[in-house]
Amino acid sequence: MSPDSTLVLAALGGILLLLYLVMRLRLHAFVALLVVSLGVGLATGMQPEAIIDSVTNGMGNTLGFVATVVGLGAMFGKMLEVSGGVDRMANTLLGRFGTSRSQWALALTGFLVAIPVFLDVAFIILVPLVYALARRSGRSLLYYGIPLLAGLAVTHSFIPPTPGPIAVAKLIGADLGYVILFGALCGLPAMIVAGPIFGRFIAARIDAKIPEYMENTGSAMSDEDIETRAPGFGLILSIVLLPLALIVLNTVSGAIFGEDSPLVGWLGFLGHPFVALSLATLMAFTLLGTRRGMTREQVMEVATKALEPAGIIILVTGAGGVFKQMLIDSGVGDVLGNLMADSNLPPILLAFLIATAVRVIQGSATVAMITAAGLMAPVISTLGLSGPVLGLVVIAIASGATVLSHVNDSGFWLVSRYFGLTEKETLKSWTVMETLIGVIGVSMALLIGLFV
């Protein structure tokens with residue numbers, strides 16, 4: 001057997017072992033990724049000292065960026081949630097769009113709220129609005145719920161500072177400005193089709209009612225509380241969009257002002273994710289916290305609480321960085337890169353197919369994104385890809401990790417429980433919605449790829 005064949009078999013064996021550990025043994029993805037990385041190193045004949053160095057370098061290089069960005073984003077989002085900012089945004093958009101266009105209001109609410117707030121948390125906070133509208137109109141919960149979920153899912157998968165695209169961008173070296181820009185260009189059409197349009201279609205076929213065990217679920221804040229206690233809509237929108245605007249401006253500043261302009265240097269500083277998110281988080285602490293009556297101790301408690309779910313994502317992403325580094329240092333990366341490059345598939349489509357395969361088999365979108373990014377990194381190096389194309393590869397991976405959510409995905413059961421759906425109804429609604437988002441997302445990425 002040739003050395004290249006040995007390396008390929010080691011990589012395939014590692015992926016199969018990862019799936020077995022996560023799916024059958026129910027081992028946590030962080031531990032599973034570390035175990036598989038060590039196994040790949042040993043199977044490819046790396047020296048023990050080199051394996052340890054790869055673990056250290058892979059973890060350190062990844063977490064130096066991801067831990068900072070995800071941690072800041074989590075604290076920022078938690079302040080928005082605790083202050084009533086989420087409720088204010090939802091109520092304001094519903095008020096301005098009106099009941100007749102409430103589907104669009106909910107889709108846009110989901111899209112904006114999921115920028116700083118984790119999807120499952122945002123959904124649980126906002127689902128009382130879906131219940132209230134369904135009670136008032138007598139329509140199926142899906143008429144309002146699917147648009148909300150589509151908005152949440154698109155941002156959760158496509159637009160930083162949500163953890164998924166942040167992790168993938170770091171692992172393949174993509175510029176976050178391009179990821180945000182292409183995430184919006186690919187995500188908004190996906191949200192429209194999978195949200196209001198598909199929501200209207202599926203609500204006519206599945207009459208979902210509020211489950212009895214959720215009947216007493218109330219809004220996180222009453223309308224009166226929102227009016228008197230929640231921060232203003234303009235303030236919330238400004239804080240949410242500030243880091244995105246700074247990051248995108250940093251990406252395009254050279255083209256606008258010229259690479260030699262001193263302004264480009266300052267915009268590069270302000271638009272770095274560390275600085276942009278630090279500014280937004282400090283604004284949230286001050287304008288949504290201490291200026292609105294919270295003590296410094298209460299603000300600190302909120303920030304500390306926010307890091308609990310973020311810690312899991314950070315560690316899994318770090319372990320994904322180890323897996324990627326082990327593939328590169330062992331020589332597997334070069335072989336896989338050449339093999340996949342010879343497949344003649346466009347790298348955007350290849351990234352989508354890899355992420356889709358892992359997503360369908362084991363369910364976790366995060367694991368699918370990180371695994372696909374690790375496998376695509378050598379391909380990207382082999383083909384010499386850079387600039388805007390890498391942003392599109394991130395969107396393709398995110399699209400593949402979104403499609404075909406089914407019974408091995410926690411999101412499937414969250415939607416089933418809150419909307420009182422059977423497994424078959426959840427497949428017809430939630431799974432189809434997720435698949436529409438992924439397919440439209442990668443189709444848009446392929447289309448944009450023709451012009452960049």
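This report describes helix packing and selected residues in a predicted model.

## Helices α3 and α13

Helix α3, which covers residues 48-82, and helix α13, which covers residues 273-287, have axes that come within 9 Å of one another and cross at roughly 20 degrees. Angles under 35 degrees count as roughly parallel, and α3 and α13 are therefore described as roughly parallel to each other. The crossing in which α3 passes α13 is left-handed.

On the α3 side, the residues that meet α13 are Gly64, Phe65, Thr68, Val69, Leu72, Gly73, Met75, Phe76 and Met79, and their counterparts in α13 are Pro273, Phe274, Leu277, Ser278, Ala280, Thr281, Ala284 and Phe285. Sorted by class, this contact of α3 with α13 contains 12 nonpolar and five polar residues, and no charged residues.

Thr281 is a residue of helix α13, and its relative accessibility of 3% lies under the 20% limit, so Thr281 counts as buried.

Two backbone oxygens can be followed from the side chain of Thr281. That of Leu277 is reached by the Thr281 side chain at 2.7 Å, while the backbone oxygen of Leu72 lies 3.3 Å from a polar atom of the Thr281 side chain.

## Helices α18 and α20

Helix α18 (residues 388-400) and helix α20 (residues 423-449) have axes that come within 8 Å and cross at roughly 160 degrees. Because angles over 145 degrees count as roughly antiparallel, α18 and α20 are given that description. Here too the crossing is described as left-handed, with α18 passing α20.

From α18, the residues that make the contact are Leu392, Ile395, Ala396 and Ser399, and from α20 they are Gly438, Gly441, Val442, Ala445, Ile448 and Gly449. By class, the contact of α18 with α20 consists of six nonpolar and four polar residues, with no charged residues.

## Helices α5 and α9

Helix α5, made up of residues 102-113, packs with α9 at an angle of about 140 degrees, and the axes of the two helices are 10 Å apart. The crossing in which α5 passes α9 is right-handed.

The α5 residues in this contact are Gln103, Trp104, Ala107 and Phe111, and those of α9 are Leu188, Met191, Ile192, Pro196, Gly199 and Arg200. By class, seven nonpolar residues, two polar residues and one charged residue take part in the contact of α5 with α9.

Arg359 is located in helix α16, which spans residues 347-362. With a relative accessibility of 2%, Arg359 counts as buried, and its side chain makes a polar contact with the side chain of Glu434 at 3.2 Å.

Leu404 lies in the loop between α18 and α19, the latter being residues 410-419, and its relative accessible area of 37% places Leu404 in the partly exposed class. Its phi is near 55 degrees, a positive value in a residue other than glycine.

Ala204 is found in the loop between α9 (176-203) and α10 (223-229), and at 64% relative accessibility Ala204 counts as exposed. Between Ala204 and Phe451 there are 247 residues of separation in sequence, and the two are 39 Å apart in space from C-alpha to C-alpha. Ser5, in turn, has its place in helix α1, residues 3-23, and is partly exposed, with a relative accessible area of 31%. Ser5 and Val332 are 327 residues apart in sequence, and their C-alpha atoms are 9.7 Å apart in space.

Conventions. Residues are numbered from 1 along each chain as its sequence is written. This is a predicted model: local features need pLDDT of at least 70, side-chain atom pairs count only at pLDDT 80 or more; totals for chains, interfaces and linings use all residues. Side-chain values use heavy atoms; hydrogens and water are left out. Axes are lines fitted to C-alpha atoms, for helices over the stretch in contact, and angles run from 0 to 180 degrees between N-to-C directions. Helices (H or I, at least four residues) and strands (E, at least two) are DSSP runs, numbered from the N terminus. Angles under 35 degrees count as roughly parallel, over 145 as roughly antiparallel, 65 to 115 as roughly perpendicular and the rest as oblique. A crossing is left-handed if the near helix is turned anticlockwise from the far one by less than a right angle, and right-handed if clockwise. Contact means heavy atoms within 4.5 Å. Ala, Val, Leu, Ile, Met, Phe, Trp, Tyr, Cys and Pro count as nonpolar, Asp, Glu, Lys and Arg as charged, and the others, Gly among them, as polar. Buried means under 20% relative accessible area, exposed over 50%, partly exposed in between (1.4 Å probe, protein chains only). A polar contact is a pair of N or O atoms within 3.5 Å; within protein, one must be able to donate a hydrogen and the other to accept it, and residues adjacent in sequence count only if both atoms are side-chain atoms.
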